[in-house]
Each structure stands twice: as structure tokens, then as C-alpha cells.
Amino acid sequence: KTIIDETINWYQSIKENERLESVLGIARSINAIEGFTLENKKTFLSDIRDIAVADGRFNSDEKHLHDRIAKELGINMMTIDKNIRKKLGY
């Protein structure tokens, strides 16, 4: 088995209403590792994005989870699409 398979099986074994807190708890634990640098955190988030887009999509739920993990790691990174409206004439 691959790590991805094991991770998918673990994630699917968690009750749906407990998944977010479980994942965020893991992010908090990772953030607490002494010596886990900002560069390590950015690489970790990049890996998460790579996994999320492996199926050719990076949907809003995946983006939201990514951004919540980033927040737990102390990184302000937004991947969620925002509707930005510019004023006419500006």
C-alpha cells in the first residue's frame, strides 16, 4: 500500500462530522514540531495542493480545507476564489 492509500483509508474511517477537526488537529501538531521551518510548512502546503489537484480539480471544499490548514500553520494563504468587483472608472 502507498501512503496515499493509507491516508485515504484513514480519512474515510473518520466520521464525516469529525474530519475537519481531525485534520486541523494534525496541522496543529505539525506546527508544534520544533525545527519545522516556514519553508517546510510551505512545502507541506504545496504537497497538499498537489494531492488535491491529482484528479484534475481543486474544488472549493479542497481550497477551503487547504486554507484552514495554512491558517493552523500560521501562514496567511488564500486559495479560495473571491469575487472582486472593481468600481467603474477606476
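Arg28 is partly exposed at 35% relative accessibility, a class lying between buried (under 20% relative accessible area) and exposed (over 50%), with a 1.4 Å probe and protein chains only. This is a predicted model, in which local features need pLDDT of at least 70 and side-chain atom pairs count only at pLDDT 80 or more, while totals for chains, interfaces and linings use all residues. Residues are numbered from 1 along each chain as its sequence is written, and side-chain values use heavy atoms, with hydrogens and water left out.

**Salt bridges**

- Three salt bridges are found in the whole structure, each being a side-chain nitrogen of Lys or Arg within 4 Å of a carboxyl oxygen of Asp or Glu.
- Asp55 and Arg57 form a salt bridge at 2.8 Å, N to O, and Asp55 is partly exposed at 44%.

**Aromatic rings**

- The structure holds one aromatic pair, in which Trp10 and Tyr11 are tilted, at 6.3 Å centre to centre and 50° between the planes; ring centres must lie within 6.5 Å, and planes under 30 degrees apart count as stacked, over 60 as edge-to-face and the rest as tilted.
- Arg19 lies over the face of Tyr11, 4.8 Å from the ring centre, where the criterion is CZ of Arg or NZ of Lys within 6 Å of the ring centre and within 35 degrees of the ring normal.

Note on methods:
Phe/Tyr/Trp six-rings, centres within 6.5 Å; stacked < 30°, edge-to-face > 60°.
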